[in-house]
Amino acid sequence: MSNHFGDRLVDAVKSKRTPLIVGLDPVYSRLPSAITSRQDMNDEFDVDSAVDAIFDFSTQVLRIVAPMVPAVKINIAFFEKYLSQGIETYYSLISEANELGLEVIGDVKRGDIGHTAEAYAAAHLENPELTGLEDTLAPDAITINGFAGAESIEPFAEKATKNGKGVFVWVRASNPGAAAIQDCVCEGGQKVYEKIAAITGDIANKPENIGKAGYSNIGMVVGGTSPDETSELRKKYEKVWFLVPGYGSQGASAADCIRFCKKDGSGALINASRSIIYAYEEQKYKDQFGDNWKKCIEQAVIDAKLDIAKAVQDAF
């Protein structure tokens, strides 16, 4: 296996024949009743019960999706609310996903400069060498906030390159309100998100960050619901992987998202979270599989893969 994150993504997407990835954003109140009705997991307000239920659900989701997708994105926010037990669960899921052969993106959106950025980078991009934590794994890549400029990206990039990891810099968000700031025009005519992309691109294109497949280990997060103009970023930054949220529940179509892919299907990871992991709430899947929530999730992944594959075929 390559020790370069960009190379591993090329191999993983080619192997699974899809740029689709699945996001884990587990909320106790939306878990299947087959889990929350169990006596040891039926109390949303008991930390042991809630964390056990979320871990059980998440591990089963990982096992369902692992044969079909190249990577998963685990959102740390949904675990941090449970404090130390939630963080322990987050890292346990990273190990579970790693054992299943998945690339793991930690959606942590850390951002700072100097020693603080270095500490964040060490915490999230370096497997700990501390006694008692020998079996704990950091994710293969993380999301970061680069709004403080190059100084808020470089510490993460350096740590990622040293450890065979990756970084996705938040460039253009998928929410409607993002335009109020990120689409503002700066002196010289560039929009804010374009400036962040340019700074990220300069770091991504450093020779030490480029793998054998021609991709950098430093990527960009650009929402599938962002304006059409963001498609130009694909042309400008050929060596960058794009992490594209917004497909499914946030309203972005497959066509909206695959504009960040290249003709061979590489170059972008299209994330679907709630539309996949809560597929058993949708009537069309209930009609097919009844209370079999695992089959609902499996079919939702299959449907999403087919939808994206058709969009790629139509576009190229």
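This is a predicted model: local features need pLDDT of at least 70, side-chain atom pairs count only at pLDDT 80 or more; totals for chains, interfaces and linings use all residues.
Visitor: How many aromatic pairs does the structure hold?

Guide: There are eleven aromatic pairs here. Let's take one of them, Tyr215 with Trp241.

Visitor: Is that pair stacked, edge-to-face or tilted, and why?

Guide: The angle between the ring planes decides: under 30 degrees is stacked, over 60 is edge-to-face, and the rest is tilted. For Tyr215 and Trp241 the planes are at 35°, so the pair is tilted; the ring centres lie 4.9 Å apart.

Visitor: Which parts of the chain does the pair link?

Guide: Distant ones, 26 residues apart. Tyr215 sits in the loop between α9 (192-204) and β6 (218-222), while Trp241 belongs to the loop between α10 (232-236) and β7 (242-244).

Visitor: Are Tyr215 and Trp241 buried or exposed?

Guide: Buried means under 20% relative accessible area. Tyr215 counts as buried because its relative accessibility is 5%, and Trp241 counts as buried because its value is 1%.

Visitor: Which residues form an aromatic cluster?

Guide: Phe57, Tyr278, Tyr280 and Trp293 form one. A charge can also sit over a ring: Lys109 lies over the face of Trp170, at 5.7 Å from the ring centre.

Visitor: Now the helix: how far does α1 reach?

Guide: Helix α1 (residues 5-16) spans 16 Å from its first C-alpha to its last, close to the 16 Å expected for its twelve residues. Its buried residues include Phe5, Leu9 and Val13.

Visitor: What covers the buried residues of α1?

Guide: Among the elements covering them are β3 (103-110), β5 (166-172) and α14 (293-315). After α1 comes Arg17, with a positive phi near 60°.

Conventions
Residues are numbered from 1 along each chain as its sequence is written. Side-chain values use heavy atoms; hydrogens and water are left out. Rings of Phe, Tyr and Trp (its six-membered ring) pair if their centres lie within 6.5 Å; planes under 30 degrees apart count as stacked, over 60 as edge-to-face and the rest as tilted. Helices (H or I, at least four residues) and strands (E, at least two) are DSSP runs, numbered from the N terminus. Buried means under 20% relative accessible area, exposed over 50%, partly exposed in between (1.4 Å probe, protein chains only). A charge sits over a ring if NZ of Lys or CZ of Arg is within 6 Å of the ring centre and within 35 degrees of the ring normal. The expected span of a helix is 1.5 Å times one less than its number of residues. Contact means heavy atoms within 4.5 Å.
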